[in-house]
Every structure is written in C-alpha cells, then in structure tokens.
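Let's take a look at a protein chain together.

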Amino acid sequence: GGWETDAVEDSSNAADEANDVGDVPSDTVIDDDTLQDYATLAAEIEELEGKIDQAAADEDYDTATELEEKADSLRSKINSLGHSPEQMAQAIKDRATNSSENESPNNILDESILDKYASLR
C-alpha cells in the first residue's frame, strides 16, 4: 500500500538531510525551554509514527490517517517554535559538546530521532 512507499521515501532522505545539520550557523541560540518543547514534540511524533506503521500493517487506514494528521499537527507546532529542525539539532549537539564528558544532557533526543524527524519535513 501507499503507507509503505511513504515510509521508504522518508527514510531515503534521512542521510541527506542529516548532513545538512552541519550547514546551520553555530551561533544560533535556542533557549532550554524551546529545546525541551522540541524534544517532547519530536518524541511524540516518533511514538505516533510507530502507531501509524502498525495501523498501516493492520490495514487500518482510517486510523493511520488520523494518526498522521496528529503527527502533522505536532510537526506544525515544531515549526512554530521559530527555529528549523536543523537549528534545533545543532543546538542539541552544541549543548552535548559543551556538557561534561561524564554527564549526558537531560531530556535531549539522540541523533537517530533527530535525523528521523528531519527526514519527515
């Protein structure tokens, strides 16, 4: 079905778009609250995508469509934060680089989730 094709197309762009993150100016400053909002929204999108995949696998296309609409709404909220996903990813990487080697940033998404979200735009 069409759902499987969409998933393949999305993942095929992930590597290309992940490489774009390095092109974002490193002087972009994003406050912690905005990064936390981004991380929360991106995690919710990730969860919805799993449910979308399951609904499509079960051929429950009405549910899959409903879930996709919710995910699109969350993507719009991310876009309304005032920074691109690439800028958010760069800010998270910068914070991780600046933090102590023994400490990991709290409530920050790992690169695989960021890359996946970037491929969904």
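Is the crossing of α2 and α4 left-handed or right-handed? The crossing of these two helices is left-handed, meaning that the near helix is turned anticlockwise from the far one by less than a right angle.

## Where this comes from

This is a predicted model, where local features need pLDDT of at least 70, side-chain atom pairs count only at pLDDT 80 or more, and totals for chains, interfaces and linings use all residues. Residues are numbered from 1 along each chain as its sequence is written, and side-chain values use heavy atoms, leaving out hydrogens and water.

## The overall layout

The protein chain has five helices and zero strands (DSSP runs numbered from the N terminus: H or I, at least four residues, for helices, and E, at least two, for strands). Of its 121 residues, 31% count as buried (under 20% relative accessible area, with a 1.4 Å probe and protein chains only).

## How α2 meets α4

Helix α2 spans residues 32-57 and helix α4 residues 85-98; they pack at about 115 degrees, with axes 11 Å apart. Axes are lines fitted to C-alpha atoms over the stretch in contact, and angles run from 0 to 180 degrees between N-to-C directions. The two are therefore roughly perpendicular (65 to 115 degrees).

On the α2 side, D32, T34, L35 and Y38 touch P85, M88, A91, I92 and R95 of α4 (contact is heavy atoms within 4.5 Å).

Mean pLDDT, the predictor's confidence from 0 to 100, is 75 for the protein chain.

How values were computed:
Angles under 35 degrees count as roughly parallel, over 145 as roughly antiparallel, 65 to 115 as roughly perpendicular and the rest as oblique. Buried means under 20% relative accessible area, exposed over 50%, partly exposed in between (1.4 Å probe, protein chains only).
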